[in-house]
Amino acid sequence: MRMLLADQGQSWTEEVVTMDAWGQGTLKASCLFGQLPKFQDGDLTLYQSNAVLRHLGRSFGLYGKDQQEAALVDMVNDGLEDLVRHIGQVLRNYVCREGKAQYLKELPGHLKPFETLLAQNKGGQSFIVGDQISFADYRLLDLLLNHKLLFPDCLNDFPLLLAYVARLRARPKLKAFLDSPEHVNRPISARLKI
């Protein structure tokens, strides 16, 4: 969400919730599904990351140019959800050498579909779907950057994904955000301090 907002030139206010504050239960009880994020856009309050991303995608024209592209963006986002669940496993087992080794062994199978989608879209020289950036591009970029941070060589066998990361990361507003202390100093997982 932050990357999308920054790249689209939007400002936002973020309230960081500490584990101590969350543990008190008051905020958690006020959240519809008992979890964050909570996103406020005028009178609209949304919970669930994917709902927020789809809302932002529709609001800023980042949901494909037509229904076919929108369906493909949804498919990519659902595929990313599978990868999020998979990375959740490695974060829980991050300190365990065997857990990391198993994750790295399985990771290429999770990345290959995204490399394939890029190859099918202008030979990997464009976005994940169509000719314009979508909310799924920001989510994919976020996951790939986190993977590169944890496992620097993980994209070496995926030249299109590697080029995609470099190309998107070079977008001026996005680059400024990604290089900012607010982003650089943010842990991948607040719970695990990674």
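Q: Where does Pro-37 sit?
A: Pro-37 is in the loop between helix H3 (26-30) and S1. Bear in mind that this is a predicted model.

Q: And the peptide bond from Leu-36 to Pro-37, cis or trans?
A: That bond is cis, with omega near 10 degrees. Most peptide bonds are trans.

Q: OK, on to the strands. How do S1 and S2 run?
A: Antiparallel, with four bridges joining S1 (residues 38-41) to S2 (residues 44-47). Asp-41 has Leu-44 as its bridge partner in S2.

Q: What's in the turn of that hairpin?
A: Two residues separate the strands, and Gly-42 in the turn has a positive phi of about 65 degrees.

Q: Which residue other than glycine has a positive phi near 85 degrees?
A: Gln-48, in the loop between S2 and H4. Its relative accessible area is 30%, so Gln-48 counts as partly exposed.

Q: What about Lys-122, where is that?
A: In the loop between helix H6 (97-120) and helix H7 (135-150). Lys-122 also has a positive phi, near 60 degrees. Lys-122 counts as exposed because its relative accessibility is 53%, and the cut-off for exposed is over 50%.

Q: Switching to helices: which residues of H8 are buried?
A: In H8 (residues 159-169), they are Leu-160, Leu-161, Tyr-164, Val-165 and Leu-168.

Q: Why are they on the same side of H8?
A: Because they cover an arc of only 140 degrees around the axis.

Q: Last one: which residues does the "GST N-terminal" domain annotation cover?
A: The unreviewed UniProt entry gives residues 1-64. That span is 42% helix and 12% strand, and its end C-alpha atoms lie 17 Å apart.

Technical notes: Residues numbered from 1 in each chain as written. Predicted model: local features only at pLDDT ≥ 70, side-chain atom pairs only at ≥ 80, totals over all residues. Heavy atoms only, no water. Pairing = 2+ DSSP bridges. UniProt positions renumbered as here; feature names shortened; annotations may be inferred. Buried < 20%, exposed > 50% of the residue type's maximum accessible area, 1.4 Å probe, protein only. Arc of directions from axis to C-beta.
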